[in-house]
Amino acid sequence: MRTSSDLLDLPGWAGAPIMRPMQDGTSDRVPFPHRHLLGIEGLSPDEITVLLDRSEAYVEQNRQADKKKSLLRGRTIINLFFENSTRTRTSFELAGKRLGGDVINMSLSTSSIKKGETLIDTAMTLNAMHPDVLIVRHPNSGAVKLLSEKVNCAVINAGDGIHEHPTQALLDALTIRRRRATLQGLLVAICGDIAHSRVARSNIHLLLAMGARVRLIAPATLIPSSVERLGVEVFHDMNAGLKDVDIIMMLRLQQERMQGGFFPSVREYFTFFGLDYAKLANAKADALIMHPGPMNRGVEIDAEVADDFGRSVIREQVEMGVAVRMACLEVLTENLDRPELRNL
Ligand code: NCD
């Protein structure tokens, strides 16, 4: 079976379970045996479940008046964003601060990148300041992995080009799991601009790993040609693709990544691929509606459908995002003290 990294010509990365020898001769299984979180591809269902289970406690903590813990006291987290972001950057910042860490946001408009410094030079410079975790978003697929190979700290991929956005898939999974108890056996439709979506790629890996069935619905121009090999079904008609689905994930039309005409007009795109009540009627009556944001109302989703809070869980996704990122920071900083993970 081909992987999405093959489709992008990137090497895959899979981690074998790691056992730590204990003093009494037994071994203790490392719950999340990776130094970095670069993607969902290659993670086992157990590793995904560890991250989701740890997130649950943080959902409760974040609903309390006192949201702060001192778990990351003394730790330095740098948010390094080479692309604009509102919710993901804020979500990581809150996650780091609520765990008691020091969080620094790198403002790239004033950084040396604009003066011609390379990605690697930036990584080496930051590395010299001894951060514990670097959270990186970059417009090029594979750039975050490259950077992770040059630094001593843990790296979290906050979105690299059209490749992966692992914390988005984890927060989507947590949202679904809290509503439906399990992902196993659910029928999930991912709709819209699949071709340019790292959210779609990470979700495909996670959903298939956890035993869900995945349908992709998009015009032929917005879907990678060999994507069926990942084990998904492809539809070019919303009414057919949405038939009896449990979950609908809508994606933004990422026009900033498009060169040339991928669809005739926004109006025509909405007519055929925008989620409105007429198309929604094909799905199960209690189907959940999801969107990673930012949303383009009237382009990929009807404004009323987006605000139909009986079924739309878009705001819950944002809430789950902070909890998931706290869990990822917790697990990766625990691993900083495990030298056997150095090369993972
Ligand atoms: C997504 C992203 O940046 O990949 N947004 C997000 O992280 N919330 C999806 C998008 O930009 O459409």
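A polar contact is a pair of N or O atoms within 3.5 Å; within protein, one must be able to donate a hydrogen and the other to accept it, and residues adjacent in sequence count only if both atoms are side-chain atoms. The model on your screen is predicted, so local features need pLDDT of at least 70 and side-chain atom pairs count only at pLDDT 80 or more, while totals for chains, interfaces and linings use all residues. Residues are numbered from 1 along each chain as its sequence is written, and side-chain values use heavy atoms, with hydrogens and water left out.

Select R137, where an N or O atom of the side chain is 3.1 Å from an oxygen atom of the ligand, and then H165, where an N or O atom of the side chain is 2.7 Å from a ligand oxygen. Of the 320 Å² of accessible area that the ligand has on its own, the protein covers 94% (Shrake-Rupley method, 1.4 Å probe).

Now show the residues around the ligand, among them R87, T88, R198 and V199 (a residue counts when one of its heavy atoms lies within 4 Å). Helices α3 (87–98) and α7 (198–209) each give at least two residues to this shell; helices here are DSSP runs of H or I with at least four residues, strands are runs of E with at least two, and both are numbered from the N terminus.

**Second stop: a salt bridge.** Select R54 and E330, whose side chains meet in a salt bridge at 2.7 Å, N to O (a side-chain nitrogen of Lys or Arg within 4 Å of a carboxyl oxygen of Asp or Glu). R54 belongs to helix α2 (residues 45–62) and E330 to helix α12 (residues 314–335), so the pair ties together parts that are 276 residues apart in sequence.

**Third stop: the backbone.** Most residues other than glycine have a negative phi, and most peptide bonds are trans. Select G293 and P294, and look at the peptide bond between them, which is cis with omega near -5°; P294 lies in the loop between β11 (288–290) and α11 (303–306). Finally, select H130, which has a positive phi near 60° and is found in the loop between α4 (119–127) and β5 (133–138).
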